Amino acid sequence: MLGLTGRVIPPLGKGEGVLLMEDGRAYRVEPARDDSGEQEASRAGSCRSGGEPAPVSPDAADTARRAGRKAASTGREVVSSRWMRGLARAGLLARGVNYLLVGSLAVQIALGSRGAQADTTGALHAVARHPGGIVVLWLLAAGFAGLALWRFAETIYGQAGPGGQAAPKRLASLALGVLYGSVCSVVVDFILGVGGSTSSDTESKSFTARLLAHSGGQVLVAGTGVAAAAVGVGLGVYGLRRTFATYLRTAHMSCPARKVVEGLGVAGYVTRGAVFCVAGAFQIDAAVSFNPQKAQGLDGSLRKTAATPLGPWLLFAITLGLVIFGLYSWCEARWRMVEPG
């Protein structure tokens, strides 16, 4: 097509608009586009055939991730809050009270007493006999509940201190959480009169007898004895290497206080390890002889120790170690890092 200016204007194709002539010039005018069809196709493609939901958009995935991070952050704030730290420290105080009571009962055994039970049950009876003992028992139950919650929080978020995110340490926290939860249950049952009157010796013998009644029971009983002895060795090494000090705020201590606390920790952990080893040895003996009456709990282990040639002197040493660990627990209540993760 030849325009008025003499230039050749290419022909217009279908849908390319119209040609306007003005002042000797040619103008191409594009037609208005209709996007309604494309919008309908887009809406139609937003859902899959058969009523299946559309894929989650990147924005929705980001929103879900942000919500997850916010929930994790909120949980960490809760377990690191002041009241949660207070529960953990109260639990360490309760643990210290328990060991001090058990140590005092062990002294009575060393002096020839046959009525006192040097275990948690005996400690509960000793507290209940005094005025206001029921209040103290409820405080002990709350303390052990706080210990259990703290250890379960460490299972989720990791322990405080170096390497706290490692799987073995999380599993250790889980085991301790179960242990302290069971102790709390024993205290509550004792208060309510549901149970708590059974000594550790009776429970150990009953548990061993049930295992021995099954095929392969001897192997299981021997395995529990080996496990108890292994825990005892581990506690001894833990104490001798002063690994516990990595969880203490030693920078907040004076030099004399640090030496005293570390000395208490070494003696306390070594003593606890020795008690576990003795109990494990009795458990292995019960498996080998196929006699559940040879299994011993904490109380029986202490009494058997008193019957050795070293007699009361060895028991006094163990008793002193248990009391020392109770005092160390109070030091932990003051200086332990209790913020999970």
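Since the model is predicted, local features need pLDDT of at least 70 and side-chain atom pairs count only at pLDDT 80 or more, while totals for chains, interfaces and linings use all residues. Residues are numbered from 1 along each chain as its sequence is written, and side-chain values use heavy atoms, with hydrogens and water left out.

Helices here are DSSP runs (H or I, at least four residues) numbered from the N terminus. Start with H3 (residues 82-110) and H5 (residues 133-157): their axes come within 7 Å and cross at roughly 125°. The axes are lines fitted to C-alpha atoms over the stretch in contact, and angles run from 0 to 180 degrees between N-to-C directions. H3 is therefore oblique to H5; angles under 35 degrees count as roughly parallel, over 145 as roughly antiparallel, 65 to 115 as roughly perpendicular and the rest as oblique. The crossing of H3 past H5 is left-handed, a label used if the near helix is turned anticlockwise from the far one by less than a right angle, with right-handed used if clockwise. On the H3 side, the contact (heavy atoms within 4.5 Å) includes Met84, Leu87, Gly91, Arg95 and Asn98; on the H5 side it includes Leu140, Phe144, Trp150 and Ala153. By class, this contact has 13 nonpolar, 4 polar and 1 charged residues. Ala, Val, Leu, Ile, Met, Phe, Trp, Tyr, Cys and Pro count as nonpolar, Asp, Glu, Lys and Arg as charged, and the others, Gly among them, as polar.

H4 (120-128) packs against H5 too, at an angle of about 140° with the axes 8 Å apart. Here Leu124, Val127 and Ala128 of H4 meet Gly133, Val136 and Leu137 of H5, a set that splits into 5 nonpolar, 1 polar and no charged residues. With H6 (167-192), H4 packs at about 40°, the axes being 11 Å apart. That angle makes H4 oblique to H6, and the crossing is right-handed. Leu124, His125 and Ala128 of H4 touch Val186, Val187 and Phe190 of H6, giving 5 nonpolar, 1 polar and no charged residues.

Grid points are joined across faces, edges and corners, and a volume is the space filled by probe spheres set on the points.

The largest pocket has a volume of about 1,800 Å³. Of its 48 lining residues, Tyr99, Leu179, Val231, Arg272 and Phe276 are the closest to the centre. H6 supplies the largest share, 10 residues. The lining divides into 24 nonpolar, 16 polar and 8 charged residues.

Definitions and conventions. Helix = DSSP H or I, 4+ residues; strand = E, 2+ residues; numbered from the N terminus. 1 Å grid on protein atoms, 1.4 Å probe; cavity = no way out; pocket = protein on both sides within 12 Å on 5 of 7 lines; lining within 4 Å.
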